[in-house]
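Hello,

Here is the structure I promised to hand over. My notes follow below it.

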Amino acid sequence: MQVQQKLEILADAAKYDASCASSGTERRNSRDGKGIGSTTGTGICHSYAPDGRCISLLKILLTNFCLYDCVYCVNRVSSNVPRARFSIDEVVQLTLAFYRRNYIEGLFLSSGIIQSPDYTMEQVVEVARILREEHGFRGYIHLKTIPDADPDLLARAGRYADRLSINIELPTAASLSALAPEKDGAAIRISMARLRERIDAGKDKTVSGKRPPKFSPGGQSTQMIVGADASDDRTILSTSADLYGRYRLRRVYYSAFSPIPDASPVLPLQSPPLVREHRLYQADWLMRFYGFESHEIITGEQGMLALDMDPKTAWALQNRAMFPVDLNRAPKSTLLRVPGLGVRNVQRILAARRVRAVRLDDLVHMRAPINRMLPFIQLPDHHPGATLDAVSLPARLKAIPAVPQQLGLFM
Amino acid sequence: MHSVYLKHETDIEGWRTAARQLIAHGVAPQEVDWYVRPAQDVAVQEDFFAMADDVTNLASPRLSGVSQENAADNRRLMVPRQLVELVRPVILHQAPERFGLLYRVLWRLQRERGLMRLAGDADIARLNVMAKAVRRDMHKMTAFVRFRETVVEGRQRYLAWFEPEHHIMAAIAPFFIGRFAAMDWTIMSPRMGMHWDGTMLHFLPGGKPEALPAEDAGEALWLSYYRHIFNPARLKLKAMQKEMPKKYWHNLPEAELITSLIAGAGTRTQAMLERMPEPPRRKIIGYQRKLRRPDIAGGNE
């Protein structure tokens with residue numbers, strides 16, 4: 001089989017993993033003229049597909065042959081999709097060829113399970129080793145790790161990778177054993193805990209002041225499939241909060257289950273609305289950067305996020321007694337809860353009000369989304385008066401076109 | 001009226017020197033006109049070299065540093081760090097009013113101490129917007145430059161054509177050198193080009209996109225990858241265009257595929273939904289998960 005044909009099959013096999021981040025790692029370059037590549041810290045998206053997803057890394061499977069039978073997965077053993085397997089050298093050459101042309105930041109390599117978890121993991125690690133040691137590759141490497149593989153292999157993976165990930169797949173252990181019978185929720189969490197220990201150890205300086213060997217400097221991430229089981233948003237977000245807290249994950253990716261070729265009859269026919277995935281990312285952001293707890297974000301019925309407005313606005317409408325917020329007096333944690341106010345503008349307001357009172361005009365110049373904010377804020381030249389408590393407020397806010405949000409889909 | 005003639009579009013030194021003298025003489029912003037001399041290739045090259053070096057040392061506060069050297073003359077010159085950080089990117093902006101705007105802010109700073117902290121002030125907001133536009137342009141250039149491989153005198157060479165919006169070519173050079181130091185590469189643009197020969201960076205006059213090699217085997221593989229990493233069951237065109245606006249498309253080889261991918265997406269998704277589930281065509285051997293014994297869980301020494 002030609003490399004091109006393999007690439008087609010193994011990119012098709014990899015596209016349901018939402019993660020494509022090239023951020024969060026140490027800064028490197030190859031200015032010394034040895035090897036190739038660099039990392040920037042914030043990552044670069046080199047292209048975008050019409051599905052709105054960023055293309056930052058060459059995201060492929062080493063092989064899509066797989067022994068497992070996870071019903072939501074396009075590569076499950078019982079699916080009739082075409083199969084292929086790259087040789088280690090083919091992946092190495094493809095990565096370098098794309099990198100030299102500035103198409104990508106690096107490689108995101110995953111694999112179906114063939115022969116055994118250990119065998120598969122060894123092959124994946126070998127690709128990374130050759131890139132780093134034989135080609136001096138200093139670009140980004142993200143490896144998908146297999147929880148059942150030998151811990152020693154995971155340790156080797158962390159030496160070469162910028163980021164490691166293990167997919168939690170589904171929000172509850174019950175769903176996982178129903179839909180992915182070969183996977184073990186407990187083993188996944190044990191592996192995450194083990195990775196966290198090593199990642200933490202890689203950052204601490206030892207007593208003697210020596211730097212420990214690097215271990216996955218970009219941390220670890222995971223992915224949850226949304227809409228393949230009946231879990232509500234409350235369950236999903238509390239699982240995320242738990243994962244962030246317990247294993248200090250850098251990111252939880254949410255992937256709305258979408259129709260796949262040769263789908264299993266067990267799966268729901270209807271995929272969830274894409275906006276649900278979007279709301280989950282917004283809620284995730286609120287938990288990580290805006291001081292919200294997972295339980296307070298759920299405002300819709302039956303444990304779901306409202307689909308017709310962003311979760312911060314929905315929360316504010318249910319907590320109108322907290323508003324209006326005086327932008328010149330409120331503490332930072334309160335400013336972060338004002339609909340339309342992002343982290344950056346909160347910082348700007350805090351800096352400005354030490355010099356003089358912040359007025360409406362200032363917000364206009366900062367390009368803040370004024371219309372969405374006005375009902376919730378108080379300024380020397382503005383008070384929302386009765387608009388805040390008006391029954392018609394939710395309808396008025398829904399009518400304002402949503403501002404494009406900087407969301408995690410691209411990072 | 002006073003007229004200041006800067007040597008070229010990104011003449012940050014020239015602006016600093018002039019601005020310091022104007023402040024010292026108490027010349028108000030509305031009494032100054034700022035001009036850029038028409039480019040003269042050789043002289044421009046040297047200055048661009050200086051510029052490339054300058055932007056790599058983002059941490060060095062040159063503007064305030066210079067004012068310290070002349071402390072006797074300029075004891076009263078107020079140049080907060082926040083302004084120094086904005087001058088570098090704003091100078092690279094294409095808007096002709098950037099020099100005057102920067103001078104007006106410097107002028108106001110001599111009286112309004114907290115000015116830099118007022119993100120809502122019209123002048124400061126404008127500086128922030130300009131700096132953001134330049135940083136975005138630089139970021140997009142690191143993302144969207146596409147090299148084509150060719151062989152010149154037995155050595156691989158990588159060529160690209162890119163059209164930045166602002167004067168960022170020299171400022172972005174350190175990124176490409178840091179990433180591709182061992183490669184021979186050339187990036188051409190309408191206003192200027194740059195060539196890295198493995199040890200030195202050379203600036204070239206502006207060029208035309210026709211100079212690019214027409215074919216590259218690696219590009220065909222990239223197009224295959226783009227076609228197949230796309231999931232037709234989720235179309236999010238706004239999200240795509242927000243981050244990859246159409247103005248970049250004509251220099252991105254993969255952008256040619258976008259229209260047909262969008263057109264075919266509906267049919268492909270419908271076909272996936274309507275397809276009757278098929279029994280597996282291969283023989284499946286049930287997978288037995290092996291439990292790792294706890295005594296070897298710590299490693300296999």
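Leaving aside neighbours within four places in sequence, which residues is A:Ser19 in contact with? They are A:Lys59, A:Phe108, A:His142, A:Gln223 and A:Tyr253. Contact means heavy atoms within 4.5 Å.

A word on the ground rules. This is a predicted model: local features need pLDDT of at least 70, side-chain atom pairs count only at pLDDT 80 or more, and totals for chains, interfaces and linings use all residues. Residues are numbered from 1 along each chain as written, chains are lettered from A and ligands numbered from 1 in the order written, and side-chain values use heavy atoms, without hydrogens and water.

Back to A:Ser19. It sits in the loop between α1 (3–12) and β1 (47–48) of chain A. Helices (H or I, at least four residues) and strands (E, at least two) are DSSP runs, numbered from the N terminus. A:Ser19 is buried, at 3% relative accessible area. Buried means under 20% (1.4 Å probe, protein chains only).

Now chain B. Its domain assignment, automatic or from a database, gives domain 1 (2–141), domain 2 (144–211) and domain 3 (217–274). Domain 1 of chain B brings 19 residues to its contact with domain 2 of chain B, which brings 20. On the domain 1 side, α2 (41–56) and α6 (122–144) of chain B each give two or more residues. α2(B) gives the most, with 7 residues.

Best wishes

Note on methods:
Buried means under 20% relative accessible area, exposed over 50%, partly exposed in between (1.4 Å probe, protein chains only).
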